[in-house]
Amino acid sequence: MDMGIEKAIEKINAEMQKDPDNTYLEIIGHYVIDRCADDVTAARVAADGKSLNQALAQVTEVARKAAHKNVAVLTPDAVFNTVDTYFEITRNDEIREKVMVAACGAVSTPVKPPVADKVMLDLEDFL
C-alpha cells in the first residue's frame with residue numbers, strides 16, 4: 001500500500017477510535033477510508049487542517065439549515081456531497097452505495113435497501 005494512502009487511512013481510523021460510539025462519524029469515516037484508494041484523494045484527506053470531525057461538522061451545518069422542529073432528514077447524496085466538498089474529492093456513487101448498504105446492516109445484498117433513501121439526524125445528538 002502506498003505510504004500516502006496508508007497515512008490518510010491511519011489518520012481517519014485514529015479519529016474514529018477517539019469517539020467509537022459515534023455512528024455518524026463511523027459511517028462518514030468508512031466512506032472517507034474507502035475513498036482513499038488513490039494518491040490524490042489520500043493526500044487531500046491527509047492534508048493538515050482537514051479532519052473527519054470537521055467533515056461531520058459541515059454535515060451537521062447542512063442538517064441544521066434543513067431542520068424543521070429540530071429534526072433534519074438528509075439524503076445520502078446531501079451527506080456525501082458535503083463530505084466530498086469538504087475534502088475536495090470527486091463523487092463516487094459506487095462507494096456511496098457500498099457504505100450505505102453497510103450502514104443499513106446488509107451483509108451481502110448488492111441492492112440498496114429502501115431505508116438508505118434518507119438519513120435522519122436529530123440535532124440534539126450534536127448539542
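S51 touches E15, Y86 and F87, leaving out residues up to four places away in sequence; contact here means heavy atoms within 4.5 Å. The model is predicted, so local features need pLDDT of at least 70 and side-chain atom pairs count only at pLDDT 80 or more, while totals for chains, interfaces and linings use all residues. Residues are numbered from 1 along each chain as its sequence is written, and side-chain values use heavy atoms, with hydrogens and water left out.

- S51 lies in the loop between α3 (39-46) and α4 (52-66). Helices are DSSP runs (H or I, at least four residues), numbered from the N terminus.
- S51 counts as buried because its relative accessibility is 16%. Buried means under 20% relative accessible area, exposed over 50%, and partly exposed in between (1.4 Å probe, protein chains only).
- The side chain of S51 reaches the backbone nitrogen of Q54 at 3.0 Å.

**E10**
- E10 sits in helix α1 (residues 3-18).
- With 48% relative accessibility, E10 counts as partly exposed.
- Between the C-alpha atoms of E10 and I33 there are 9.0 Å, and the two residues are 23 residues apart along the chain.

**Packing of α4 and α5**
- Two packed helices are described by the angle between their axes and the distance between the axes. Axes are lines fitted to C-alpha atoms, for helices over the stretch in contact, and angles run from 0 to 180 degrees between N-to-C directions.
- α4 and α5 pack at about 135°, and their axes are 9 Å apart. That angle makes α4 oblique to α5; angles under 35 degrees count as roughly parallel, over 145 as roughly antiparallel, 65 to 115 as roughly perpendicular and the rest as oblique.
- On the α4 side, L52, Q54, A55, Q58, V59 and V62 meet V79, T82, V83, Y86 and F87 of α5.
- The residues of this contact divide into eight nonpolar, three polar and no charged. Ala, Val, Leu, Ile, Met, Phe, Trp, Tyr, Cys and Pro count as nonpolar, Asp, Glu, Lys and Arg as charged, and the others, Gly among them, as polar.

**Packing of α5 and α6**
- Helix α5 (residues 76-87) packs against helix α6 (residues 93-103) at an angle of about 120°, with the axes 11 Å apart. This makes α5 oblique to α6.
- P76, D77, F80, N81 and D84 of α5 make the contact with R96, V99 and M100 of α6.
- The contact of α5 with α6 holds four nonpolar, one polar and three charged residues.

Key
Helix = DSSP H or I, 4+ residues; strand = E, 2+ residues; numbered from the N terminus. Polar contact = N/O pair within 3.5 Å; in protein donor to acceptor, adjacent residues only side chain to side chain.
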